[in-house]
Amino acid sequence: MCGFTIPAPMIPIWWKWFYWINPLAYAVNAMLSSQNYCVGSECSVLVVTNQATGKSQVMTVWDNLSSTYELSYEHIWLWVGVLIFAIFLVRAVTAYGLTFVCYVKR
């Protein structure tokens with residue numbers, strides 16, 4: 001990932017609707033979940049420091065991402081399904097536009 005990403009819990013309430021209709025949010029959630037989910041003793045570990053209190057805490061990468069971005073590995077198929085639906089929706093709208101909308105008037 002590159003760029004600036006605001007975690008879902010920190011998005012202002014008046015922008016939440018855009019987060020839920022944006023297919024890119026589902027793509028990022030699916031990618032983060034599938035690439036960073038880890039169970040067992042071979043998980044990557046981070047030392048996370050709370051800026052407000054100064055306390056340090058050791059946690060896995062997945063625990064940090066799931067708490068920051070509210071991710072759940074159980075929802076990965078939902079996110080993939082939304083992406084597939086978005087692809088078909090865009091293709092259907094494009095096919096409709098190319099078939100029935102004509103800007104050339106004879």
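1. Pro-23 lies in helix H2. Helices here are DSSP runs of H or I with at least four residues, strands are E runs of at least two, and both are numbered from the N terminus. The model is predicted: local features need pLDDT of at least 70, side-chain atom pairs count only at pLDDT 80 or more, and totals for chains, interfaces and linings use all residues. Residues are numbered from 1 along each chain as its sequence is written, and side-chain values use heavy atoms, with hydrogens and water left out.

2. Pro-23 is partly exposed, because its relative accessible area is 35%. The cut-offs are under 20% for buried, over 50% for exposed and partly exposed in between (1.4 Å probe, protein chains only). Leaving aside neighbours within four places in sequence, Pro-23 is in contact with Leu-83 and Ala-86. Contact means heavy atoms within 4.5 Å. Pro-23 and Val-82 are 59 residues apart in sequence, yet 7.3 Å apart in space, C-alpha to C-alpha.

3. Now helix H4. Its buried residues are Ile-76, Trp-79 and Ala-86. They pack against helix H2 (23-36).

4. Trp-15 sits in the segment before helix H1 (16-21). Trp-15 counts as partly exposed because its relative accessibility is 45%.

5. Strands S1 (residues 45-49) and S2 (residues 56-60) run antiparallel, joined by five bridges. Strands pair if DSSP finds at least two bridges between them. Leu-46 has Met-59 as its bridge partner in S2.
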